[in-house]
Amino acid sequence: MPVVHFHLSECSASEQQCRKLLEFASQEYARILEAPMERVRGMITVHRNHEMALQGKTLQPGETGAPFFEAMVLRGRNLALRSELMDIFTQGTAKILGIDASVIRGRIIQVDPEDWCIAGKTAAEIRKAEIEARADASNN
């Protein structure tokens, strides 16, 4: 389930910084959620400056915008964990891009297990099967 999506202006980050940001976010996501790395997804969408506005004005050529991120988690993750994700993603983005954390915005999107699929099956189905398999293994 873990998916993080960063939105950056075209002048915000080099290719190397983008790679570093995605690798950092993926590692932290897996660590905080205690999720297998193979389930983690990360992406960056780069927006042209005339497609982004900051403080009510579109960005000018060469101007860097304020990054925005969205991170998805299955509903039920506690507030402390969600807050940790927001802080880690904010601080990591600031450090990697060399910007002040105060300009970064983000949000956590909670998704119901019935509304998320993995290989065509809902997360609710997969969770149920994993819980049953663990129970069977502990009974044997």
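How much space lies in the largest pocket? About 280 Å³.

## Basis

This is a predicted model, in which local features need pLDDT of at least 70, side-chain atom pairs count only at pLDDT 80 or more, and totals for chains, interfaces and linings use all residues. Residues are numbered from 1 along each chain as its sequence is written, and side-chain values use heavy atoms, with hydrogens and water left out.

## The largest pocket

A pocket is an open set of points on a 1 Å grid over the protein atoms alone, where a 1.4 Å probe fits and protein lies on both sides within 12 Å along at least five of seven lines; lining residues have an atom within 4 Å of a point. The lining here has 15 residues, and Met1, Arg39, Leu74, Arg77 and Arg127 lie nearest the centre. Two or more residues come from each of β5 and α3 (123-139). The most come from α3, with 4 residues.

## Helix α2

At the N-terminal end, Asn78 caps α2, with a side-chain oxygen 3.1 Å from the backbone nitrogen of Ala80. Just after α2, Gly98 takes a positive phi of about 70 degrees.

How values were computed
Polar contact = N/O pair within 3.5 Å; in protein donor to acceptor, adjacent residues only side chain to side chain. Points joined across faces, edges and corners; volume = space filled by probe spheres on them.
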